[in-house]
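Subject: Model handover

Hi,

Here is the structure for you to look over. My notes come after it.

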Amino acid sequence: ENIDSLEEEESTASINDLTNTITTLTAGNNVMNPIAQSLKHKEVKASWDDRFEELKEHINKFGGTPHCFREYTGNNELAQWVSDQRTCYVHFQNGKRTSINHEQIKVLNKIKFE
């Protein structure tokens, strides 16, 4: 096996271990809930960052964020993420509670996210 595939397997195993730990810590009224919640937030942020990097690659390859993303890509997860970001942005602008934050909006604006 090459080094890249070994590193990927180790990374996947580490993520799975972390996910299992978070699940255990958040079960019931465990004292560790605040720590587990913090870990969950970091896991979500990493996922957002990963999708953002995928979007940048798509923009570089195809020249922009398609209005109807599903029609232009075979990547349904990225298409859903783009749709979710648009919805979150509207909620943020209207003062509603949303998962997107000001920093994320700033980086989306930098790449002329539509």
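Residues are numbered from 1 along each chain as its sequence is written, and side-chain values use heavy atoms, with hydrogens and water left out.

Confidence first. The protein averages a pLDDT (the predictor's confidence in each residue, from 0 to 100) of 74. Of the residues, 53% score at least 70. Helix H1 (residues 3-26) has the lowest confidence, at a mean of 58. H4 has the highest, at 92. Where pLDDT is low, the predicted coordinates should not be read in detail.

Now the helix pair. Helices here are DSSP runs (H or I, at least four residues), numbered from the N terminus. H3 (residues 76-93) packs against H4 (residues 102-110) at an angle of about 120 degrees, and their axes are 11 Å apart. Axes are lines fitted to C-alpha atoms over the stretch in contact, and angles run from 0 to 180 degrees between N-to-C directions. H3 contributes Trp81, Gln85, Tyr89 and Phe92 to the contact (heavy atoms within 4.5 Å), and H4 contributes His102, Ile105 and Leu108. By type, the contact residues are 5 nonpolar, 2 polar and no charged. Nonpolar covers Ala, Val, Leu, Ile, Met, Phe, Trp, Tyr, Cys and Pro; charged covers Asp, Glu, Lys and Arg; the others, Gly among them, are polar.

Last, Gln104. This residue is found in helix H4. Not counting residues up to four places away in sequence, Gln104 touches Trp48 and Ser99.

Best wishes

Definitions and conventions:
Predicted model: local features only at pLDDT ≥ 70, side-chain atom pairs only at ≥ 80, totals over all residues. Helix = DSSP H or I, 4+ residues; strand = E, 2+ residues; numbered from the N terminus.
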